[in-house]
Amino acid sequence: MRYIIIGAGAVGGAVGGRLAGAGHEVVLVARGAHHAALRDEGLRLRVPDGEFTYRLPVVDGPAGLGALRTDDVLVLAVKTQDTEAALETWGPAPVEDGGTAAQRLPLLCAQNGVEGQRLALRRFRHVYGVCVWLPATFLEPGVVAAAGSPLTGILHLGRHPHGTDEILHRIAADLEKSRFEAPVTADVGRWQYAKLLSNLANAVEAVTGPVESEAALAFVDRVRAEGAAVLDAAGIGYASVEEQRAVRGDKVTLLPLSGTPRGGGSSWQSLTRGTGTIEADYLNGEITLLGRVHGVPTPLNELLQRLANTFARERREAGSMPVGELVRLADEAETAVAKPPRS
């Protein structure tokens with residue numbers, strides 16, 4: 001199979017590089033300066049066992065490939081806010097022997113949150129969810145760092161909305177030859193919603209910096225508790241913290257990488273790169289949406305969603321809000337929700 005990595009940033013670049021390193025055929029899809037760097041210098045993948053350069057085919061869209069092959073696997077690794085544009089571009093792409101990518105090819109949604117695969121299922125027949133546990137950094141065009149060891153990451157795979165099939169087991173086998181663990185599960189959503197609760201802290205890190213202080217850790221606990229209450233009210237199951245720890249163990253231990261500064265998660269990286277957008281609408285915003293549907297107040301996640309979007313839109317410096325100021329605003333938001341409405 002040939003893997004077409006749509007969005008060769010942190011996650012896409014790490015997956016694509018590791019697959020290529022294991023001998024699998026890979027095409028990278030990127031834009032702008034990143035596309036130019038990948039085309040001219042190759043993908044530089046920094047991992048604990050060294051830095052590797054992979055000179056792979058690079059395109060900015062399906063036109064650069066001609067008709068897609070029947071053995072192509074599309075790996076959608078763009079941020080959720082960029083999903084619609086990617087689906088619109090790749091869905092109609094012709095496949096050799098007839099039909100389109102949306103009709104014939106498997107699409108793996110290797111993204112945070114759960115919305116990307118919902119959007120994909122409107123256009124693509126064969127959609128697969130991926131719970132991405134893959135700490136990776138993309139700050140410099142052409143360079144991706146993945147600090148996990150001995151495995152680069154753990155990728156739970158399943159059909160969306162449920163089930164498994166033979167193609168998924170073949171993909172999992174390729175990933176497991178490429179420094180990943182890739183459990184195939186009929187209910188990948190349980191793992192994705194558990195990861196969603198973890199990702200609610202992305203906005204905290206983006207606006208206040210590393211979540212290390214006692215105050216920051218306590219605030220993240222409040223945010224995740226609010227998220228768990230919403231999922232419980234919605235009847236949505238998710239893997240417990242204990243279950244996640246049992247599966248992950250010490251398989252993905254972060255090690256320092258030479259030449260790679262200590263960074264943050266995906267939302268922090270978006271602010272640091274000054275992209276002007278951030279994924280908070282599909283992380284904290286997913287909890288906000290479900291809370292409104294099921295009548296559960298979500299003042300903390302609403303606040304984080306609003307702040308993260310403001311930081312991105314105004315291109316504010318990542319981590320520039322003091323934790324104490326965020327906690328103060330959160331306390332005010334909770335108090336406002338608790339006040340009875342005026343008659």
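In the predicted model, the second largest cavity is lined by Gln 111, Gly 113, Val 130, Cys 131, Val 132, Gln 192, Lys 195, Leu 196 and Asn 199, where a cavity is a set of points on a 1 Å grid over the protein atoms alone at which a 1.4 Å probe fits but cannot get out, and lining residues have an atom within 4 Å of a point. The space in this second largest cavity is about 40 Å³, the volume being that filled by probe spheres set on the grid points, which are joined across faces, edges and corners. Two elements, E8 and helix H7 (188–199), each give two or more residues to the lining of the second largest cavity, and H7 gives the most, with 4 residues; helices (H or I, at least four residues) and strands (E, at least two) are DSSP runs, numbered from the N terminus. By class, this lining has 4 nonpolar, 4 polar and 1 charged residues, with Ala, Val, Leu, Ile, Met, Phe, Trp, Tyr, Cys and Pro counted as nonpolar, Asp, Glu, Lys and Arg as charged, and the others, Gly among them, as polar.

The count comes to 3 cavities of 30 Å³ or more, and the largest cavity holds about 80 Å³ of space. Of the 13 residues that line the largest cavity, Val 15, Val 75, Leu 108, Leu 155 and Leu 175 are the closest to its centre. Helix H1 (10–21), strand E8 (127–133), strand E12 (153–159) and helix H6 (166–176) are the elements that give two or more residues to the lining of the largest cavity, the largest share, 3 residues, coming from H1. The lining of the largest cavity divides into 13 nonpolar residues, with no polar and no charged ones.

Cys 131, one of the residues lining the second largest cavity, is buried, with a relative accessible area of 3%, and Cys 109 is likewise buried, at 2%; buried means under 20% relative accessible area, exposed over 50% and partly exposed in between (1.4 Å probe, protein chains only). The structure holds 0 disulfides, a disulfide being a pair of cysteine sulfur atoms within 2.5 Å.

Residues are numbered from 1 along each chain as its sequence is written, and side-chain values use heavy atoms, with hydrogens and water left out. As this is a predicted model, local features need pLDDT of at least 70 and side-chain atom pairs count only at pLDDT 80 or more, whereas totals for chains, interfaces and linings use all residues.

Key: On a 1 Å grid over the protein atoms alone, a cavity is a set of points where a 1.4 Å probe fits but cannot get out, and a pocket is an open set with protein on both sides within 12 Å along at least five of seven lines; lining residues have an atom within 4 Å of a point.
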